[in-house]
Amino acid sequence: MTAPYFPYTIKLFGPPGTGKTRTLQKLTEWLIGEGEENKEELIAKGFPKEWLEENFGKYALSEIAFATFQTSALKEFVEDRLGKSLKNDRAPGGDLRYFRTIHGICQVLLRDAGLDAWKSVSRKMGGLSPERWFQIFANRRRKEVDPSFRFDPDSMGAANPFEKANYLWQVKSQVINREYPKVGREHITERVLEELPPSLQDHYLAWLDFKQEKGIKDYDDMLIDAYDALKAGVISLPTRVLIVDEFQDLSPLQFEIFKMLARDKELVVIAGDDWQTIFTWMGADPRFLVNYPADLQIILRKTWRLPEKILREALTYAKANLRSGVFKEMVSTGKRGAIGIVSNFSTKNDNDLDLLARWVLNELKRGHSVFVLARTNRQALHIFGELYKRGFKPKNLKKSSRWKKRVEPVGDFFDVLHAIVAIERGTPSREDFKRVGWACGVISEKEFEKDLPLMEYIKPDWKRTIKLERIQEIWGRTARRFLEKILKEGITPIAGIPEDHELYVDTIHSSKGLEADTVFLINEMPRRNWRRYFKRPEDLEAEARVWFVGMTRARKGLLIINTNKAFHL
């Protein structure tokens with residue numbers, strides 16, 4: 001089979017629950033000569049038999065680059081799907097050298113090319129992330145210039161810019177991702193300053209000076225420098241195949257980088273779903289996926305997640321609100337499922353929150369996994385706390401959450417919270433006593449393994465002796481505030497909560513690519529007058545895509561909970 005043009009391009013549409021990631025896994029295995037038994041499955045999905053036969057085992061794994069949008073998705077694909085190690089197999093010369101996020105591919109190409117600006121970056125970064133360096137910078141500015149210039153890395157969502165430094169971090173990235181291909185290096189600083197309020201302009205210029213002083217780079221630098229180097233022909237991607245997942249969420253700058261990475265490849269595979277474009281605040285545009293030319297277009301139609309009732313509701317919603325994309329007539333799991341709608345709910349009313357807790361409890365008692373999804377980080381944190389106060393042990397979905405940082409052998413922030421809940425419920429284990437004792441400063445990490453009499457770990461006034469400064473130092477200011485709220489308002493456990501339950505409370509954005517048996521979708525916008533912030537039909541459609549993602553996480557049951565600030569669902 002001869003390709004109409006070079007490279008041969010495959011476009012794979014993967015609506016919710018249709019097995020897009022599994023398809024990419026099977027295709028990758030096929031290309032490297034593994035998984036011959038998957039031939040019929042790939043043919044059934046739409047890959048031509050002749051093309052498959054021509055390309056079986058045609059490439060070594062090291063000749064394939066795989067790019068996706070988030071580190072967590074990359075880890076899941078490489079380690080859980082392919083059975084490889086990101087740490088061991090991505091070293092120079094490793095088979096997975098170019099299995100990375102878009103930013104990661106840019107960084108490794110710049111570093112491997114030996115460009116002067118990137119030769120010593122890893123050493124000067126000192127193992128710290130760009131967010132951590134920005135936090136160091138923000139702390140300096142708070143002390144020397146502006147006491148209100150605070151950066152909270154746990155509140156990074158675009159819909160949650162409650163801190164000045166967070167807002168600067170987000171705006172600069174938004175502008176650079178949208179505008180850099182149009183204005184270039186010469187004018188990009190000017191464009192960023194135009195979109196920043198006057199109170200933040202000096203902070204941005206100071207950040208540029210700080211990076212130069214320290215010899216460090218942030219995520220925007222990875223994209224900017226790679227774009228310029230690719231355009232000048234200084235770097236290139238030395239693989240024969242390029243696969244890009246979650247293509248619909250590429251920003252304009254990332255899209256231009258992709259086109260330059262792809263231009264000399266034999267095979268390009270782009271995969272995604274325009275209905276699930278949720279990073280429009282960074283400039284992502286579903287038309288990048290919809291309009292990109294391809295020799296072979298495949299639409300996966302069978303969903304292995306959504307039952308009939310939920311799928312029909314989602315498709316009706318998509319047809320009415322997601323008009324600029326490709327409509328995909330999907331096939332359900334064949335199960336009936338359940339969907340319900342509640343109106344006039346208040347997330348500030350204790351009676352309504354008690355009702356939500358009972359609904360969640362009923363699902364957990366049935367052995368179901370549960371998501372409670374909100375629009376913003378602040379809303380999710382509020383619901384998270386309210387369920388904690390009622391004796392649940394929810395977790396969040398963000399794999400990179402600072403709250404999951406472990407202190408050995410104590411555990412993470414959730415382990416400490418769960419220990420407090422267990423003591424309040426009257427069902428603590430010895431480990432729970434130890435964790436609370438550690439939080440109160442009674443024992444150190446080194447003393448954790450020693451067994452003391454249980455009542456030596458906690459005193460009658462143990463809540464007042466918890467070392468909140470230690471909590472903040474390890475898990476951040478948001479963790480401290482959350483714990484203070486729990487300790488102040490108290491915990492009143494409701495009866496019958498299963499000891500081991502699978503309950504997650506987080507934002508819709510964090511649920512992308514994930515699923516649960518039952519989903520409670522809290523339909524509440526950040527402001528009552530939210531309509532005035534959507535000035536164009538495209539803005540409304542972008543917001544509608546976020547809610548579509550929330551609606552399509554449920555395997556069995558979906559309850560849409562409308563407040564007085566509800567989006568139109």
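This note goes through a predicted model in numbered points, from its domains to its sheets, helices, aromatic residues and selected single residues.

1. Domains. The domain assignment divides the protein into four entries: domain 1 covers 8–113 + 235–300, domain 2 covers 126–218, domain 3 covers 301–397 + 497–568, and domain 4 covers 403–475. Taken over C-alpha atoms, the centres of domain 2 and domain 4 are separated by 36 Å.

2. The sheet of six strands. An open sheet with parallel pairing is built from 6 strands in the order β3-β2-β4-β5-β1-β6. At its edges stand β3 (99–101) and β6, each of which pairs on one side only. From one strand to the next, the twist averages 15°.

3. The β2 and β3 side of this sheet. Strand β2 (residues 64–68) pairs with β3 in the parallel sense, over 3 bridges. Within this pairing, F66 stands opposite F99 in β3. Helix α4 (residues 71–81) packs on the sheet, where α4 touches β2 and β3, and its direction makes about 160° with that of β3. Helix α6 (residues 102–112) also packs on the sheet and touches β2 and β3, but the direction of α6 makes about 115° with that of β3.

4. Strand β1. Which strands pair with β1? One is strand β5 (residues 267–272), which is joined to β1 in the parallel sense over 6 bridges; another is strand β6 (residues 296–299), again parallel, over 4 bridges. T9 stands opposite V268 in β5, and the bridge partner of K11 in β6 is Q297. Strand β1 (residues 8–13) is mostly covered, with 6 of its 6 residues buried. This applies to both faces: Y8, I10 and L12 are buried on one side, and T9, K11 and F13 are buried on the other. The reader may wish to note that K11, a lysine, is among the buried residues of this strand.

5. The sheet of five strands. A further open sheet has 5 strands in the order β7-β11-β10-β8-β9, with parallel pairing. Its edge strands are β7 (338–342) and β9 (503–507), each pairing on one side only. Direction ignored, neighbouring strands of this sheet are turned by 15° against each other on average. Strand β8 (residues 370–374) runs parallel to strand β10 (residues 516–523), and 4 bridges join them. Here F371 stands opposite V519 in β10.

6. Helix α16 (residues 350–365) lies across β7, β8, β9, β10 and β11, and runs at about 170° to β10.

7. A search of the whole structure finds 39 aromatic pairs. In one of them, F134 and F151 have ring centres 4.9 Å apart and planes at 80°, so the pair is edge-to-face. F134 lies in helix α9 (residues 130–144) and F151 in the loop between α9 and α10 (164–195), 17 residues apart. Both F134 and F151 are buried. They also belong to one aromatic cluster, formed by W133, F134, F137, F149, F151, W169, W207, F210 and Y219.

8. The W438 and W475 pair. Why is the pair of W438 and W475 edge-to-face? Their ring centres are 5.9 Å apart and the ring planes stand at 70°, which is over the 60 degrees required for that class. W438 lies in helix α19 (residues 430–439) and W475 in helix α20 (residues 468–475), so the pair ties together parts that are 37 residues apart in sequence. W438 and W475 are both buried.

9. Lysines over rings. K302 lies over the face of W304, at 5.3 Å from the ring centre. K434 is placed over the face of F448, at 5.6 Å from the ring centre.

10. Is T28 buried or exposed? T28, found in helix α1 (residues 20–31), counts as buried because its relative accessibility is 1%. Not counting residues up to four places away in sequence, T28 touches L61, I64, F77 and I243. N362, in helix α16, is partly exposed, with a relative accessible area of 42%. The C-alpha atoms of N362 and E144 are separated by 53 Å, and these residues are 218 residues apart along the chain.

How values were computed:
Residues are numbered from 1 along each chain as its sequence is written. This is a predicted model: local features need pLDDT of at least 70, side-chain atom pairs count only at pLDDT 80 or more; totals for chains, interfaces and linings use all residues. Side-chain values use heavy atoms; hydrogens and water are left out. Buried means under 20% relative accessible area, exposed over 50%, partly exposed in between (1.4 Å probe, protein chains only). Helices (H or I, at least four residues) and strands (E, at least two) are DSSP runs, numbered from the N terminus. Two strands pair if DSSP finds at least two bridges between them. Rings of Phe, Tyr and Trp (its six-membered ring) pair if their centres lie within 6.5 Å; planes under 30 degrees apart count as stacked, over 60 as edge-to-face and the rest as tilted. A charge sits over a ring if NZ of Lys or CZ of Arg is within 6 Å of the ring centre and within 35 degrees of the ring normal. Contact means heavy atoms within 4.5 Å. Domain bounds come from an automatic or database domain assignment. Axes are lines fitted to C-alpha atoms, for helices over the stretch in contact, and angles run from 0 to 180 degrees between N-to-C directions.
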